[in-house]
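Trainee: I have a model open on my screen and would like to learn how to read it. Could you take me through a few features?

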Amino acid sequence: MTSWLTNTWYVAAWDTEVDTAPLSRTICGVPMLFYRRLDRRIVAMRDACPHRLLPLSLGIREGDSIRCKYHGLKLGPDGVAEEMPLANDPVNRSICVETFITHERHRFVWVWIGERERADPALIPDLWPCSHPDWVFDGDHYAIACDYRLMIDNLMDLTHETHVHSGSIGQPEIMEAPLTCRVDGDRVFLSRWMPDITPPPFWRDALRHDGPVDRWQICQFVLPSAVMIDVGVAPVAAGATLDSHDQGVRGMVVDFMTPETEESHHYFWGMARNFDIHDVGFTARLKRQQGGVFAEDRAVLEQQQASMRANPDLKLRAYSIDQGGVRARQIIARAIAAGKEGPP
Ligand code: FES
Ligand SMILES: [Fe+2]
């Protein structure tokens, strides 16, 4: 029994990461390799040669095929043998490597984990800000040495910003604002409204306005392991509310956590925004800033995982600030127990 859902889509890579050279990445405990064919469609295979298990990602691309670096077995994009190591040996077409179903959407390459016949692209989580024409989106990937659920806990509890990100987006008002937690089917919403406060430097600069603002944070957990956080500020006089807040600057932090092993995951992070969307330089600066912020989370979470390993007799405790993560974990556990294939 794993800690993750199996019949579901996970993000395997950013669209920019998969190119003609093989990309090796372990997804949900399975070593995989990804590359693009000449027509740019994506091939996903088990990253192990069927002969002596050398990683195929070390191999050499030939057309749409890949040749193993050890003895030269050549496999087509369908995973089936095309040439044997000895040129005169007849090709044995029963020699093959496992392939996986992929789909590109929302700037990500998704891979289906589980029974192939259940792979329906309609089940890909709706990360709409990543591909909405009025929004711009960019981000990156971090390999993080902790259970993917610790990152979900982290993203569903933004009180940590005050301490972990004190130099950028943290501020004491985050600790003072009341929290509202709501569960809607397989989704969890955790909302925080901070009226009439001084914005932290990041948001003051984004708004280009010096003065009191209303600030909001609405964390949303989506099966199997996405968190989208609606964040932003608006001048107090603009009349923004929790339900309607396009008056100022609004961003959507989009995070997807793909399990690698039980104690490591791929963290795909990014930020979409609906302001200054054509400012390419700002997009690059924002991504650099975000990368710095999320590196602070990585440092804390890897230490947390190491501490959990060093203290196996101790349990994680949940206080009121943890309710979003607790609800998300309950939904994951229920879905695993029910054998569900992911979002409805
Ligand atoms: S290990 Fe790949 S051809 Fe021998
Ligand atoms: Fe953080």
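Mentor: Gladly, and let us start with burial. A residue counts as buried if 20 or more other C-beta atoms lie within 10 Å of its own, as exposed if 12 or fewer do, and as partly exposed in between, with C-beta atoms placed from the backbone. Helices (H or I, at least four residues) and strands (E, at least two) are DSSP runs, numbered from the N terminus. This is a predicted model: local features need pLDDT of at least 70, side-chain atom pairs count only at pLDDT 80 or more, and totals for chains, interfaces and linings use all residues. Residues are numbered from 1 along each chain as its sequence is written, while chains are lettered from A and ligands numbered from 1 in the order in which they are written.

Trainee: Which residues of H1 are buried?

Mentor: Tyr 148, Arg 149, Leu 150, Met 151, Ile 152, Asp 153, Asn 154 and Leu 155. That is eight of the eight residues of helix H1, so the helix is largely enclosed by the rest of the structure.

Trainee: What does H1 pack on, then?

Mentor: A sheet, so let us look at pairing. Two strands pair if DSSP finds at least two bridges between them. Here seven strands form an open, antiparallel sheet in the order E11-E17-E16-E15-E14-E13-E12. Its edge strands, E11 (136-144) and E12 (179-184), each pair on one side only. E11 pairs with E17 (residues 264-273) over nine bridges, and Val 136 stands opposite Arg 273 in E17. Contact between residues is taken as C-beta atoms, placed from the backbone, within 7 Å. Angles run from 0 to 180 degrees between N-to-C directions, with axes fitted to C-alpha atoms, for helices over the stretch in contact. H1 touches E11, E14, E15, E16 (249-261) and E17, and its direction makes about 160° with that of E16. Helix H6 (residues 323-338) also packs on the sheet, touching E12, E13 (187-197) and E14, at about 165° to the direction of E13.

Trainee: Where is Cys 28 found, and is it buried or exposed?

Mentor: Cys 28 is in the loop between E2 (23-27) and E3 (30-36), and is buried, with 23 other C-beta atoms within 10 Å. Its phi is positive, about 50°, although Cys 28 is not a glycine.

Trainee: Which peptide bond is cis?

Mentor: The one from Leu 223 to Pro 224, with omega near 0°. Pro 224 lies in the loop between E14 (213-222) and E15 (226-235).

Definitions and conventions. Contact = placed C-beta atoms within 7 Å.
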